[in-house]
Amino acid sequence: TYEKAWLVAAMVLIVGFMATITYGAVGPGIAMIDDDGGTIDPAEINDHERFGEPGVEHVGDDEYEVAVVAQAWSYTPEQIEVPADSEVTFYVTSRDVTHSFSVVGTNVNTMVIPGQISEMTVRFDEPGEYGILCNEYCGEYHHTMEGKLNVV
Ligand code: CUA
């Protein structure tokens, strides 16, 4: 019947979504370990222990923390370098408007909202040069907002 066809269609959609989500979690070259966050007053970024001097910090055996400040229309730092197969936790916040922090070709793709800290822990298993892009429209030069991630 008509009703049954809709039910089947809905089931197919649900299975499709689940497959998409599963694929996303094991996407090429990266394992998403954790995704969490916190809050911050944008006015205090310069004095903040993590964001006052953004960049890469070696915090353990194979553990790195990367603090990134987004603002129209750039990331600080512009270039990030981390070793392959290490546990990398990104902390990203915005100084002004909503941006995103998206590493091309991986499933690192998070909104960056002023007042909030986007946090995610990932492991890059493939060395390479990855582009960092902003996927949230943030004004006239949104399209020029980019950075670079070197996995070595
Ligand atoms: Cu920042 Cu678009």
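Me: Two residues are in contact if their C-beta atoms, placed from the backbone, lie within 7 Å. Leaving aside its neighbours within four places in sequence, what is V68 in contact with?

Reply: V68 is in contact with P54, Y75, T76, F90, V92 and F101, once its neighbours within four places are set aside. Please note that this is a predicted model, in which local features need pLDDT of at least 70 and side-chain atom pairs count only at pLDDT 80 or more, while totals for chains, interfaces and linings use all residues. Residues are numbered from 1 along each chain as its sequence is written.

Me: And pLDDT, what is that?

Reply: The term pLDDT stands for the predictor's confidence in each residue, from 0 to 100. The protein has a mean pLDDT of 88, and 86% of its residues reach 70 or more.

Me: Where does pLDDT stay under 50?

Reply: That happens over residues 23–28. The model has five contacts beyond four places in sequence for this stretch. For the complex, the predictor gives an ipTM of 0.99 and a pTM of 0.79.

Me: OK, overall layout. How many helices and strands does the protein have?

Reply: There are one helix and eleven strands. Helices (H or I, at least four residues) and strands (E, at least two) are DSSP runs, numbered from the N terminus. The order of elements from the N terminus is α-β-β-β-β-β-β-β-β-β-β-β.

Me: What about I14: which element is it found in? Buried or exposed?

Reply: I14 belongs to helix α1, which covers residues 2–25. I14 counts as exposed because it has 10 C-beta neighbours inside 10 Å. By definition, a residue is buried if 20 or more other C-beta atoms lie within 10 Å of its own, exposed if 12 or fewer, and partly exposed in between, with C-beta atoms placed from the backbone. I14 and P54 are 40 residues apart in sequence, and their C-alpha atoms are 41 Å apart in space.

Me: What share of the protein counts as buried, then?

Reply: Of its 152 residues, 25% count as buried.

Me: Which residues have the most contacts inside the largest nonpolar core?

Reply: They are V68, A70, F90, V92, F101, I132 and L149, in a core of 25 residues. The elements that give two or more residues to this core are β3 (63–71), β5 (79–82), β6 (87–94), β7 (99–103), β9 (116–124), β10 (128–133) and β11 (146–151). A nonpolar core is a set of buried Ala, Val, Leu, Ile, Met, Phe, Trp, Tyr and Cys residues joined through C-beta atoms within 7 Å.

Me: Back to β3. How many bridges does it share with β6, and in which sense do they pair?

Reply: β3 and β6 pair in the parallel sense over eight bridges. Two strands pair if DSSP finds at least two bridges between them. A70 has S94 as its bridge partner in β6. In β4, the bridge partner of A70 is Y75. Strand β4 (residues 74–76) pairs with β3 in the antiparallel sense over three bridges, and the two form a hairpin with two residues between them.

Me: And which way do β2 and β3 run?

Reply: Strand β2 (residues 55–60) and β3 run antiparallel, joined by five bridges. G55 stands opposite A67 in β3, and a hairpin of two residues joins β2 to β3.

Me: New topic. What strand order does the open sheet of five strands have?

Reply: The order is β5-β11-β10-β7-β8, with mixed pairing. Its edge strands, β5 and β8 (109–112), each pair on one side only. The twist from one strand to the next averages 20 degrees. Between β7 and β8, which run antiparallel, there are four bridges, and F101 stands opposite T110 in β8.

Me: Last one, the backbone. Where is the cis peptide bond with omega near 0 degrees?

Reply: The peptide bond from A72 to W73 is cis, with omega near 0 degrees, and W73 is found in the loop between β3 and β4. A cis peptide bond also joins T76 and P77, with omega about -5 degrees. P77 lies in the loop between β4 and β5.

Me: Why does D85 count as partly exposed?

Reply: D85 counts as partly exposed because it has 13 C-beta neighbours inside 10 Å. D85 is in the loop between β5 and β6, and its phi is near 65 degrees, a positive value in a residue other than glycine.

Note on methods
Axes fitted to C-alpha atoms, helices over the stretch in contact; angles between N-to-C directions.
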